[in-house]
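Subject: Structure handover

Hello,

I am passing on the structure we discussed. Please look through it first; my notes on what was found follow below.

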Amino acid sequence: MPKTQRFSRRNFLRRAGSTALVGVAGTAGASRLVAHTAAPHPRPLLALPSDDYDFNEVYDRVGTDSVRWDRAIDQFGDNIVAGMGVADMDFRAAPCITQALAERCAHENWGYMHRPAAYAEAVAEWEHRRYGVEVDPSTVVFTTGVHPGLIGALHTFSPPGTSVVLNTPTYSGFYTDLRFTRTVTSDNPMIVDAGGRYSIDFDDFERRARRCNTFILCNPQNPTGNCWSAEDLTRMGEICLKHRVVVLADEIHRDFVTKGSTFTPFASLPDRDIVDNSLTFSSASKSFSLAAMKVAWFHSTNRDLLERVKSNTRADLSTLGMVATRAALTEGAPWLDDLLAYLDANHDYAQAFIRDNLPGIRHRKGQGTYLAWLNVRDFADRIGARETAAREVAEGDADMNAEKVVQRWFAERSGVFLNPGSNYGTGGDGYMRMNLASPRAIVERALDNMAAAVSEA
Ligand SMILES: Cc1ncc(COP(=O)(O)O)c(C=O)c1O
């Protein structure tokens, strides 16, 4: 067994001062909140401890049915010490969210929920305050996730068998949405320079747009981290308008922008015709790690597009999801702002560490998202990943590829779970995606273990 594999996840969490299974066991922290709760109206103001924003706290999620940790352990066994895959965060939720949920839970009735205008107003207010975009609250349509919204839009504009443009590498879940709607991808591979900077191939984009009804824009781009400029967005928007392609702007990662970069909402572009040819999809679920709360929304300045998609979307929302989302949007900004500084430092740490300690792996800090996109091509060659994959395919495992071999290699030898780049469409081969939204101790542990394993390869 390699040296790094002897590392024990439980010992690490204990040494790092983790809070074990708070969500499951209901610890002193949780009961403290419950003890102070009252009926939901009016909401009492709780005095919150001053260390609420301790992003260094290692918060143990194992055993809570989390995809990020429990699924990784199911797949690769108990030696997984760092689940750096699916895009959610390992931090304790913003105190305002826990407080709002605890207060609502104290009212022990779960009948049908009325959804007052305050929910859509909270979305519009967030858009206005953080991005200067004016969204009419009456145009905000809630869904149980960005996926159901995108699926509703694809059902509306893209009949089965037709193609959808994607700038690739892009979010793997879009391919699931295409399968679900029986549409097919038209991958528009991005251009990547020697320094790892990605840009759009506009000629190829236009060639593809001519044959598509919809374009799924990912801004900021998961997994490459691009925050698309107003110029890029306008150029893509013009092409889409010209060829009657509806722009579905997925902006779920928009709140994560690294220092020195800016996020431009598609709806903020100055050309009204371009904006009127789009719908924007977003949520608080990435920003506040509320993915399992199942709340998202879409909006458009074009009432016709909006109504058509709305008629293909049914959202059965839950009270707790709505309560958590409203608390996040109305009170969560200070928590998020502190978190952004913390994540930026994680990005910087990872960038320097990878440069200095992971030979054969290259990485460029993204402009947005909390994801690192690792170029592992040289390293994959060093461990013969392509040959191993070819052999396993020949032996009957049709799904195997070089990136999955690299994934398994790191899981088994360093206890680190990464996402294979091949999941992200054309141009993802030779890459791995690493989630950096964790306490620094976990990021350090993951990178230390990877470096130790690489040095033995
Ligand atoms: C770009 C992008 N869109 C959508 C989603 C999923 O959204 P939801 O959970 O709201 O369906 C993700 C999750 O990682 C994502 O990265």
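Valine 164 stands opposite threonine 185, a residue of strand 6. Before going further, please note that this is a predicted model.

The pairing of strand 5 with strand 6 (residues 184-189) is parallel and runs over 6 bridges.

How many of the residues of strand 5 are buried? For strand 5 (residues 163-168) the count is 6 of the 6, so the strand is largely enclosed by the rest of the structure. In a regular strand, side chains alternate between the two faces of the sheet. Both faces of strand 5 are covered. Ser163, Val165 and Asn167 are buried on one side, and Val164, Leu166 and Thr168 are buried on the other.

**The ligand**

Which residues are around the ligand? They are Ala87, Gly145, Val146, His147, Tyr171, Cys218, Asn222, Asp250, Ile252, His253 and Lys286. Sorted by class, this shell has 5 nonpolar, 4 polar and 2 charged residues.

- Asparagine 222 has a polar side-chain atom 2.9 Å from an oxygen atom of the ligand.
- Histidine 253 has a side-chain N or O atom 2.7 Å from an oxygen atom of the ligand.
- Lysine 286 has a side-chain N or O atom 2.8 Å from an oxygen atom of the ligand.

The ligand taken alone exposes 400 Å², and the protein buries 92% of that area.

Strand 13 is joined to strand 14 (residues 371-375) by 2 bridges in the antiparallel sense. Within this pair, arginine 362 stands opposite asparagine 375 of strand 14.

Strands of a sheet pair through backbone hydrogen bonds, and the pairing is either parallel or antiparallel. Strand 5 shows the parallel kind with strand 6, and strand 13 shows the antiparallel kind with strand 14.

Regards

Conventions
Residues numbered from 1 in each chain as written. Predicted model: local features only at pLDDT ≥ 70, side-chain atom pairs only at ≥ 80, totals over all residues. Heavy atoms only, no water. Pairing = 2+ DSSP bridges. Helix = DSSP H or I, 4+ residues; strand = E, 2+ residues; numbered from the N terminus. Near = heavy atom within 4 Å. Polar contact = N/O pair within 3.5 Å; in protein donor to acceptor, adjacent residues only side chain to side chain. Areas by Shrake-Rupley, 256 points an atom, 1.4 Å probe, with all protein chains shown as cover. Nonpolar A, V, L, I, M, F, W, Y, C, P; charged D, E, K, R; others polar. Buried < 20%, exposed > 50% of the residue type's maximum accessible area, 1.4 Å probe, protein only.
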